[in-house]
Amino acid sequence: KMGLSIGQWNGSALTVTTTMINDRYFDDLGTPLGLNTKIVERFQPNEGHDVLMYAVTIDNPEYFESPATFTGQWEWVPSEKINRYDCALR
């Protein structure tokens with residue numbers, strides 16, 4: 001239901017490309033997704049390997065004028081426990 005995701009390592013960066021997405025909406029606000037939507041995610045650690053950089057580009061030509069890119073990062077905190085996260089299908 002969520003699409004076909006293919007990951008590829010480029011050095012220390014992981015790129016995940018998702019196509020054939022069957023979900024109708026991009027977000028909880030009801031932004032529509034077209035049949036030709038392509039999502040490219042990139043995960044890259046910094047030099048110190050204590051920050052994971054993230055970038056996602058959504059190419060939704062049926063509804064977006066141009067691809068949209070969002071970025072973020074996660075800092076590694078050795079004392080924190082990472083809990084399990086179950087993705088829910090809509």
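Hi everyone, let's start with M20, which is exposed, with a relative accessible area of 54%; exposed here means over 50%, buried means under 20%, and partly exposed is in between, with a 1.4 Å probe and protein chains only. Before I go on, this is a predicted model, where local features need pLDDT of at least 70 and side-chain atom pairs count only at pLDDT 80 or more, while totals for chains, interfaces and linings use all residues. Residues are numbered from 1 along each chain as its sequence is written, and side-chain values use heavy atoms, with hydrogens and water left out.

Back to M20. Where does M20 lie? You'll find M20 in the loop between strand 2 (13-19) and strand 3 (38-45); strands are DSSP runs of E, at least two residues, numbered from the N terminus. M20 is not a glycine, yet has a positive phi of about 55°.

M20 also takes part in a surface feature. Together with L4 and I6, M20 makes a nonpolar surface patch of about 310 Å². For such a patch, residues need over 30% relative accessible area and no salt bridge, and nonpolar side chains (Val, Leu, Ile, Met, Phe, Trp, Tyr) are joined within 5 Å. A salt bridge is a side-chain nitrogen of Lys or Arg within 4 Å of a carboxyl oxygen of Asp or Glu, and the areas come from the Shrake-Rupley method with a 1.4 Å probe.

Now please turn to H49. H49 also has a positive phi of about 55° although it is not a glycine. H49 sits in the loop between strand 3 and strand 4 and is exposed, at a relative accessible area of 56%.

H49 brings us to the second largest pocket, as one of its lining residues, along with P45, D50, V51, L52, W74, E75, W76, V77, E80, K81 and I82. A pocket is an open set of points on a 1 Å grid where a 1.4 Å probe fits, with protein on both sides within 12 Å along at least five of seven lines, and lining residues have an atom within 4 Å of a point. The volume of this pocket is about 330 Å³. Which strands each supply at least two residues of the lining? Strand 4 (51-59) and strand 5 (68-75) do. By class, the lining has seven nonpolar, one polar and four charged residues.

Last stop: G72, in strand 5. G72 is partly exposed, with a relative accessible area of 30%. G72 and F43 are 29 residues apart along the chain, and their C-alpha atoms are separated by 9.9 Å.

Note on methods. Grid points are joined across faces, edges and corners, and a volume is the space filled by probe spheres set on the points. Helices (H or I, at least four residues) and strands (E, at least two) are DSSP runs, numbered from the N terminus. Ala, Val, Leu, Ile, Met, Phe, Trp, Tyr, Cys and Pro count as nonpolar, Asp, Glu, Lys and Arg as charged, and the others, Gly among them, as polar. Patches are made of residues with over 30% relative accessible area and no salt bridge: like charges are joined within 9 Å, nonpolar side chains (Val, Leu, Ile, Met, Phe, Trp, Tyr) within 5 Å.
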